[in-house]
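Here are my notes on this one, point by point. Have the model open while you read.

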Amino acid sequence: MLFDILLTASFWAAAVRIASPLIFATMGELICERAGVLNLGIEGIMVIGAFSGWMAVYLGMGLWGGVAVAMLAGMLFGLLHAMLTVPFGLSQHVVGLGVTLLATSTSYFVYRLILPEVTSPPKITPFQPLEIPYLVDIPLVGPALFAQTALTYAAFAVVVITAVTLYRTPLGLAIRAAGENPGAVAAQGLSVTGLRMGAVIVGSGLMAVGGAFLTLSAFSSFFFEMVNGRGWICIALVVFGAWRPGKALLGALLFAGFDALQIRLQQTPVGQVVPYQMFLMAPYILSILALILMSRRAQVPAALMQPFNKGER
Amino acid sequence: MRLEPIANPGLGRRLGFPAAALVVTVVIASLLAAIAGADPLLTLGLVLKGAAGSKFALLETLNRATPLIFTGLAIAVAFRAKLWNIGAEAQLYAGAIVTVVLGTSVLSGMGAAALPIVGLGAMVAGAVVLLGPVVLKTRFGVDEVVTTLLFNFIMLLLVSYLLEGPMKDPMGMGWPKSAPLDRALRLPRIAEGLRLHWGFGVALIAAGLVWFVQARTTLGYEMRAVGLNPQAARFAGIPVNGVLVKTALLSGGLAALAGFSEVAGLKGHLSQDLSPGFGYTGIIVAMLALLHPLGVVVTAIFVAGIFVGADSMSRAAGVPTYIADMMLATGLLLMVLAIGLTKFRVVRG
Amino acid sequence: MTATDHKAQEIVLRLDRITKRFGALTANDAISLTLARGEVIALLGENGAGKTTLMNILFGQYTADEGQVEVFGKPLPPGNPRAALAAGLGMVHQHFTLADNLTVLENIQLGTVPLWRAALGQAKARAKLAQLAADFGLGVDPDARVGSLTVGERQRVEILKALYRDARILILDEPTAVLTPQESDALFDTLRRAVAKGLSIIFISHKLHEVMALSSRVVVLRHGKLVGEVETAGTDRHALAAMMVGAEVTPPAVTPITPGPALLTLREVSTPSIGAAPGLNAVNLALRAGQITGLAGVSGNGQAALSDLISGLISPQSGSLEGVGRMRWSSRAAIAAGIARIPEDRHKTGTIADFSLTENAILETYTQAPYSRWGLMNWHAAEEQTRHLIETYDVRCPGPHGPIRQLSGGNMQKLILGRVLDAAPRIILANQPVRGLDIGAISYVHSQLLAARNAGAAVFLISEDLDEIMALSDVVHVISEGQLSPEFQRGEKTAAELGLWMAGQGFDRAA
């Protein structure tokens with residue numbers, strides 16, 4: 001039974017699809033944390049991304065226009081988070097939760113402003129799968145990896161760009177140093193505040209694109225509670241990936257694989273015995289297990305959650 | 001630009017900035033109302049009227065404030081010890097589940113005398129739910145913010161399962177809700193004819209007790225020490241992990257009382273919409289109260305008033321009720337900023 | 001180099017009446033200074049004299065309220081670290097400004113390549129680094145992660161970083177504080193090579209023998225003012241010390257007394273290492289009544305482990321602790337055994353900054369009557385005790401209610417002293433008890449420790465300042481790599497001999 005599932009291409013394709021929004025948001029969070037800022041605004045920023053991207057397309061913009069709007073909206077809330085936590089050095093926990101509450105309620109408020117009475121939200125035409133010639137014919141791997149929407153391909157590209165930037169460019173060097181020892185960055189005449197704010201803003205933009213994936217590629221409409229804790233799961237994935245883009249990607253795929261598996265298991269005889277809620281719990285329980293598993297080994301950025309004030313004596 | 005700590009901020013600074021935060025919040029809310037096409041002043045008036053314009057409105061506000069006092073206290077207690085309990089929602093439902101289980105089975109025949117036992121049972125359940133993340137924190141160093149958040153989702157699914165399975169009301173005509181609590185186990189009203197139940201009274205007593213614990217007991221002293229400087233606390237011989245566990249028990253228990261009071265005082269049964277996010281709103285309540293337990297009572301009533309008022313305003317003026325959530329989230333961020341600015345001043349160079 | 005020489009030479013750095021105020025405190029008061037090409041100036045001063053502030057102004061971390069800086073004849077724009085680096089200034093900070101998660105090469109490249117350039121250009125950088133390492137005798141593996149390097153190696157990276165940016169003026173802030181005497185010698189060798197190549201150096205220190213050995217001119221700061229400027233050849237250590245503290249320093253008088261029995265004994269105690277810091281390796285130690293036992297050693301050689309052990313924060317992995325009762329070893333057990341603990345970091349470990357004096361005063365005793373009964377606090381009793389401590393230990397403060405962070409370091413330390421000494425402890429653990437204090441507070445702390453010793457307490461004094469150890473201790477141990485030397489009597493070893501032990505020599509023969 002398990003093997004039947006694991007040998008179908010549709011299972012693997014689903015896993016990659018489920019992973020896509022997580023990959024965007026996880027990379028976004030990873031960039032923030034590498035620079036030393038924990039961004040608990042992630043959940044709300046994903047909501048505003050999902051909403052604003054969908055809204056833009058609904059109001060007549062193209063799909064990529066929707067992605068751009070989502071990204072801008074995310075960056076705007078990222079700027080708010082960054083302003084409060086970086087130059088003002090306020091509690092990253094409280095500010096993050098506040099940003100999540102604000103971004104979520106803003107999405108719902110504007111949604112109700114534009115569609116006051118609607119009970120079932122209107123649909124848009126989402127991104128369509130884009131088959132890559134020849135590669136798609138590879139058995140199992142082909143349909144899983146090379147028959148996805150453009151946004152999924154973009155997610156993988158983002159991982160590569162993040163990894164190369166962090167490890168192979170002067171900017172990445174400075175970001176990693178800012179999360180480890182901001183004093184070292186300041187001593188070289190670089191602005192810790194600028195680096196951290198930039199990282200949070202760009203990271204938040206990626207989180208919002210992750211949210212937009214849900215409305216523009218996966219579900220084609222926006223509804224309340226659709227992000228449903230994915231942001232928090234991404235925070236767990238960053239820990240699981242030991243703050244490395246490649247490992248975090250693997251974590252997201254592994255996690256999505258389990259999620260796709262539980263959806264399919266619900267259709268099997270197992271699903272007749274075990275209540276569906278238990279299957280739905282699996283992602284959250286897996287995230288907690290991942291956190292426990294990695295807690296001992298993880299290489300946490302040394303200055304994570306530590307505000308930096310150059311005037312401190 | 002950099003921040004310079006102020007050694008001894010004056011009273012003006014300590015009150016001025018938070019007051020300014022409140023004013024700016026109201027201004028932003030007015031702007032939102034204007035964006036929604038309503039007259040800001042009229043909207044504000046409607047909110048006030050809806051929250052406190054009549055005896056009925058006022059009692060509605062106090063009823064809504066009751067669970068917020070409990071969750072606000074739960075979070076104030078935890079945050080004071082820098083225990084980031086974001087899982088009050090899960091603890092609330094744990095308390096509600098146990099209230100229904102005890103109140104519809106074992107204790108249903110005992111009459112009102114069993115009420116304190118039911119409440120205590122609920123508290124134990126909430127405490128146990130928070131104990132998990134706290135043990136993960138003290139044993140493995142797992143950040144409790146994420147685990148308590150994830151527990152909220154797990155708990156909601158558990159409630160969904162219980163309401164569709166073992167706890168489903170056979171007389172519920174297919175709705176996912178539990179069987180009703182025994183009549184005798186409902187919290188009585190504070191006065192005959194007043195639509196306000198004793199849960200509010202219990203909440204006030206709880207706030208007083210929490211204040212007493214924080215200000216007058218060794219545990220309160222330990223919790224503050226651990227929150228302000230765990231390294232110094234450990235050096236001085238304060239059992240930091242033990243204090244965190246005790247804090248978790250108290251915090252989880254308080255949040256569970258919100259579930260107990262909603263079921264036994266208001267709804268009479270458990271359903272999936274028992275809490276419209278009281279656990280999360282409790283964070284706003286606690287932060288606006290600057291984590292002071294008596295302040296929590298005031299801010300909980302204030303926050304409840306905004307929700308109740310916005311509900312009735314929305315019907316009359318057509319502004320989405322989510323304006324209340326936006327206003328409170330804005331208020332939270334501005335208040336955090338205001339507190340920051342009382343301790344630091346921004347200087348150039 | 002003589003005085004007449006440097007006047008004839010090119011002036012590379014000129015500070016002109018630099019003034020910087022922090023609120024009521026004037027950290028730098030109209031300081032003027034010149035540095036010539038190929039010259040080594042020693043900047044001497046106590047903690048808090050204003051040395052670090054001056055350097056932070058030079059490097060653009062702070063902006064001076066008045067005065068200006070000229071480098072190679074051109075005015076330096078204030079508050080701009082990049083401009084300082086570009087002008088040819090290079091700083092070796094006391095707390096290294098290196099990121100542990102980056103490699104040596106990455107750390108050195110940090111900030112040297114424009115941020116928006118696509119590639120790092122590591123091949124070129126590697127070649128330049130190899131050349132510099134050879135020229136200055138600073139060998140280090142460019143691909144090693146900085147987190148895995150020793151303290152001495154990290155300092156080499158810091159210096160290489162400055163040289164890599166073509167610094168012509170090197171400023172070193174207490175560079176030998178974390179080095180063994182032998183590592184210090186290697187550092188001096190490097191610095192002499194740098195001077196030979198025409199670099200100029202400002203060397204910040206409070207170790208007089210280094211100042212005498214390395215510098216050609218000494219500049220002394222006290223309370224933010226420049227109080228003296230002399231040619232090194234024309235002065236001596238006593239004169240410098242007097243200039244630094246404002247009066248002739250008189251070491252405390254230690255009258256010999258016969259020690260009593262051992263109150264605390266460590267037998268073959270080992271503890272695990274914590275990160276890069278070594279644990280203890282089969283340590284034997286006896287702290288006797290009426291005796292000050294000094295512990296000398298370079299920072300990071302196991303002092304922290306030994307201090308944590310006696311404080312009750314960690315337990316022996318093997319071996320035993322004798323004389324402390326049979327309670328499970330913990331902070332509380334240590335306090336119950338009559339150990340007074342003065343922690344190394346009074347801000348982070350010794351006090352809770354936002355707590356009032358009263359709340360800090362009872363931090364170790366709040367579970368006992370009269371401060372609490374049945375879990376209820378008696379704040380009245382706590383406040384009374386605090387008033388008693390404020391009076392007895394001369395704590396200058398507005399009163400028992402304000403937060404302790406408002407107090408100066410010296411007054412904070414006095415409250416900690418009062419907290420632990422008031423109960424007439426049997427054993428006193430004093431870990432760096434005078435670090436960062438002014439001269440008045442230092443002599444107060446020392447006299448309190450001596451008084452306790454004369455009253456029969458066993459005092460264990462941990463310090464990185466060998467002069468302090470030699471002045472106060474009846475017996476001395478040296479710690480190196482977690483190993484403890486044999487006990488040396490007062491006057492048995494010279495400072496140079498103890499220095500060899502600090503560098504790890506002698507342990508092989510003893511083992």
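1. A quick term to start: a residue is buried if 20 or more other C-beta atoms lie within 10 Å of its own, exposed if 12 or fewer, and partly exposed in between, with C-beta atoms placed from the backbone. By that count A:Trp243 is buried, because it has 22 C-beta neighbours inside 10 Å. Its phi is positive, about 65°, although A:Trp243 is not a glycine.

2. On bookkeeping: this is a predicted model, where local features need pLDDT of at least 70, side-chain atom pairs count only at pLDDT 80 or more, and totals for chains, interfaces and linings use all residues. Residues are numbered from 1 along each chain as its sequence is written, while chains are lettered from A and ligands numbered from 1 in the order in which they are written.

3. Buried or exposed: which is A:Tyr134? A:Tyr134 is exposed, with 9 other C-beta atoms within 10 Å. Phi is positive here too, near 70°.

4. Beyond four places in sequence, B:Ile97 is in contact (C-beta atoms, placed from the backbone, within 7 Å) with B:Ala125, B:Val159, B:Leu162 and B:Leu270.

5. Check one peptide bond in chain C: C:Ala369 to C:Pro370 is cis, with omega near 5°.

Notes
Contact = placed C-beta atoms within 7 Å.
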